[in-house]
Amino acid sequence: MKGVRWLLGRIILFVDRLTSPRPPHHSPERQAELDALTAHLALYQYAACPFCVKVRRAIRRLGLNIELRDAKNDPHFRRELEQEGGRQQVPCLRIEEAGKVTWLYESGDIIAWLEKRFADPDAAGARA
């Protein structure tokens, strides 16, 4: 069973690499603004987790630079996720705002939060 999971994980990563969305072309000023706004965000994730891949694709599609923390292979991040976040579940977005830390679980909730907060309103209007 472990071999099957390993193989499926490699397939997921391969397909993700082939079909990865292109990041938007932000102006240098907009990218600097986004980088400042995302400086206190971190995504706890596993490389081959399909839900984590989904969130990473949204991050790339929005052109965000969010720190990725490998909760599977790094015992420090795994412990931090469990002790501070309350459970060892990925993906999980750690949001630090005004000295308060919030842990957001579930890929759909994370993507909705990112899109609400960082989506370019002009690009959304152009797609409609």
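Let's start with Cys49. Cys49 is buried, at a relative accessible area of 14%. Keep in mind that this is a predicted model.

Now, where is the nearest cysteine sulfur to Cys49?

Turn to Cys52. Is Cys52 buried or exposed? Cys52 is buried, and its relative accessible area is 0%. Cys52 is in no disulfide either, with the sulfur of Cys49 as its nearest cysteine sulfur. How many disulfides turn up across the whole structure? The search finds zero.

Next, the helices. Helix 1 covers residues 2–19, and helix 3 covers residues 50–62. These two pack together, with their axes 11 Å apart. The angle is about 15 degrees. Angles under 35 degrees count as roughly parallel, which means helix 1 is roughly parallel to helix 3. And the handedness? The crossing of helix 1 and helix 3 is right-handed.

Which residues make the contact? Helix 1 brings Ile12, Leu13, Asp16 and Thr19. From helix 3 come Pro50, Val53, Arg56 and Arg57.

To recap. Cys49 and Cys52 are both buried, and there are zero disulfides in the whole structure. Helix 1 packs with helix 3, roughly parallel, in a right-handed crossing. That's it from me.

Definitions and conventions. Residues are numbered from 1 along each chain as its sequence is written. This is a predicted model: local features need pLDDT of at least 70, side-chain atom pairs count only at pLDDT 80 or more; totals for chains, interfaces and linings use all residues. Side-chain values use heavy atoms; hydrogens and water are left out. Axes are lines fitted to C-alpha atoms, for helices over the stretch in contact, and angles run from 0 to 180 degrees between N-to-C directions. Helices (H or I, at least four residues) and strands (E, at least two) are DSSP runs, numbered from the N terminus. Angles under 35 degrees count as roughly parallel, over 145 as roughly antiparallel, 65 to 115 as roughly perpendicular and the rest as oblique. A crossing is left-handed if the near helix is turned anticlockwise from the far one by less than a right angle, and right-handed if clockwise. Contact means heavy atoms within 4.5 Å. A disulfide is a pair of cysteine sulfur atoms within 2.5 Å. Buried means under 20% relative accessible area, exposed over 50%, partly exposed in between (1.4 Å probe, protein chains only).
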